[in-house]
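These are my notebook entries on one protein structure.

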Amino acid sequence: MSVDQRPPTAAFPADPPTISPPPQPQPQRRRRRRRLKIAALVVMALLVAPTVSFVQAMTYPGNAPASVRAVEWVRDHGGGALVDRIETWLYSRDAPAAVGPPSDRLPLSAGPPVRKPLARSNRLPSPPPRPATLTPALTGEGIWTVPRTSTGGRPALYTTWFRPDPSHTTITVAAAVIPQRVDAISLGGGTREPHPGSIAVSRAQVPAAARSSLVAVFNAGFKMGDSGGGWYAGGHEIVALRPHLASLVIDRSGRARIGAWNHGVSMGPQVAAVRQNLHLIVSGGQPVAGLADNNQGLYGTGKNQFQYTWRSGIGTNASGDLVYVAGRGLNLSTLALAMTKAGVVTGMELDIHPHMVAFNYFPTPQAVASVAGRNLLASMQAPPDRYLVPDQRDFFYLTTRATP
């Protein structure tokens, strides 16, 4: 056996097996991997921006429930049409029962009833006429109460409840008449309305100087982006005022008028604040034409008026006093009908939906200090400190005037 033919031993190990190098990626494979990496980076970048935006919306200063913050974030990021469809589907299918007990009433502590006119004098303004209630009226229905008086003993607020719709006797609304000889009204801004950052967080609430005479606080209108209208206060037109739109105009004395902008009410040296919202829904003491179909989109989205939801409105009566009306299970036509039955001659819709409709009154000045506000209707969802702490939405507040 030759040396070359010897079997492998420890002294003469076998040759190691030949290991081929791994195949190099082909150019097409490398390009595919590069595209996948770029796509992953793009997706991550696209997700980061909305995630940061959503977190900012959920933590933005100002009182607002998480559900409201989330829905409004969707609206503000191109999802308004989707939200409108969902809301219309939900609220349009929740029609109130045609017959049955009333859905809500004033709280039992609303105040003493006013069963006969008070003496007409500078100190005691006469109560408003009784709303046109259904027949027969229920106990307490349409009877005005006085839940708060001014320091001079004058009624600072009249409140009542009634059923406005003979086709749906379960629907209940509340009305609050604000005597303008006794109360002054002011417009307050929120941390996000009329525009994010336009009002400092510390100022997005009832001012401390006004709280000793505070009577009530209540909601303003739609978000400015949804109302199509403007917002003016303190000499600044933060959102441009538009002609023809329904406008609540406050003068420097704290009195308010309501009308169509530049067609009944307009800018002047005595104007202190203006809040616009959609178009008038009551004119000449009657609901305006076209509320039932909204075919011109004057009152929000195309089907907004069909939703059975919480709604609120404000107007002026024949005496020039303000009248606030609110209730749940209302469509736009029913709200306008209720406002006319409460004596409104000229009126506009304010905000809608459960978390937005809010009216808190304070039976005594001490109730403000102890944050013991009371809802105008028992089922209103507003917390007792609504607008006494920084809020995201704008609002109105009432203070008693100095006793003459």
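**Entry 1: Overall make-up**

I began with the secondary structure and recorded 5 helices and 19 strands. Helices (H or I, at least four residues) and strands (E, at least two) are DSSP runs, numbered from the N terminus. I noted that this is a predicted model, in which local features need pLDDT of at least 70 and side-chain atom pairs count only at pLDDT 80 or more, while totals for chains, interfaces and linings use all residues. Residues are numbered from 1 along each chain as its sequence is written, and side-chain values use heavy atoms, with hydrogens and water left out.

I then looked up burial: of the 404 residues, 48% count as buried. Buried means under 20% relative accessible area, exposed over 50%, and partly exposed in between (1.4 Å probe, protein chains only). The accessible surface comes to about 19600 Å², and 59% of that surface belongs to carbon and sulfur atoms. These areas come from the Shrake-Rupley method with a 1.4 Å probe; for residues, only the protein chains shown count as cover.

For contacts (heavy atoms within 4.5 Å), I took the pairs at least 6 apart in sequence and found that 67% of them join residues at least 24 apart.

**Entry 2: Salt bridges**

How many salt bridges are there? I recorded 5 salt bridges, a salt bridge being a side-chain nitrogen of Lys or Arg within 4 Å of a carboxyl oxygen of Asp or Glu. Side chains of opposite charge can pair when their charged atoms come close. I followed some of the pairs in detail.

Glutamate 141 pairs with arginine 163, with their closest N and O atoms 3.0 Å apart. This pair links distant parts of the chain, 22 residues apart: glutamate 141 is in the loop between helix H2 (66-92) and strand S1 (145-149), and arginine 163 is in the loop between strand S2 (155-162) and strand S3 (173-178). Both glutamate 141 and arginine 163 are buried.

Arginine 311 and glutamate 349 also form a salt bridge, at 2.9 Å from N to O. I noted arginine 311 as buried because its relative accessibility is 0%, and glutamate 349 as buried because its value is 1%.

**Entry 3: Arginine 393**

Where is arginine 393 found? Arginine 393 is in the loop between strand S18 (374-375) and strand S19 (395-400). Is arginine 393 buried or exposed? I recorded arginine 393 as buried, because its relative accessible area is 8%.

The side chains of arginine 393 and aspartate 351 meet in a salt bridge, at 2.9 Å from N to O. The two residues are 42 residues apart and link distant parts of the chain, with aspartate 351 in strand S16. Aspartate 351 counts as buried, because its relative accessibility is 7%.

I also listed what arginine 393 touches, leaving out residues up to four places away in sequence. The list includes Glu72, Gly189, Gly190, Phe222, Lys223, Met356 and Tyr387.

**Entry 4: Cavities and a pocket**

I searched the whole structure and found 2 cavities of 30 Å³ or more. On a 1 Å grid over the protein atoms alone, a cavity is a set of points where a 1.4 Å probe fits but cannot get out, and a pocket is an open set with protein on both sides within 12 Å along at least five of seven lines; lining residues have an atom within 4 Å of a point. Grid points are joined across faces, edges and corners, and a volume is the space filled by probe spheres set on the points.

The largest cavity holds about 60 Å³ of space. Its lining includes Asn63, Glu72, His355, Met356 and Arg393.

The second largest pocket has a volume of about 440 Å³. Its lining has 26 residues, of which Leu187, Gly188, Arg203, Ala233 and Gly234 lie nearest its centre. Strand S4 (183-188) is one of the elements that give two or more residues to this lining, and S4 gives the most, with 4 residues.

**Entry 5: Backbone details**

The peptide bond from threonine 135 to proline 136 is cis, with omega near 0°. Proline 136 lies in the loop between H2 and S1. The peptide bond from glutamate 193 to proline 194 is also cis, with omega near 15°.

Leucine 278 has a phi near 55°, a positive value in a residue other than glycine. Leucine 278 is buried, with a relative accessible area of 3%.
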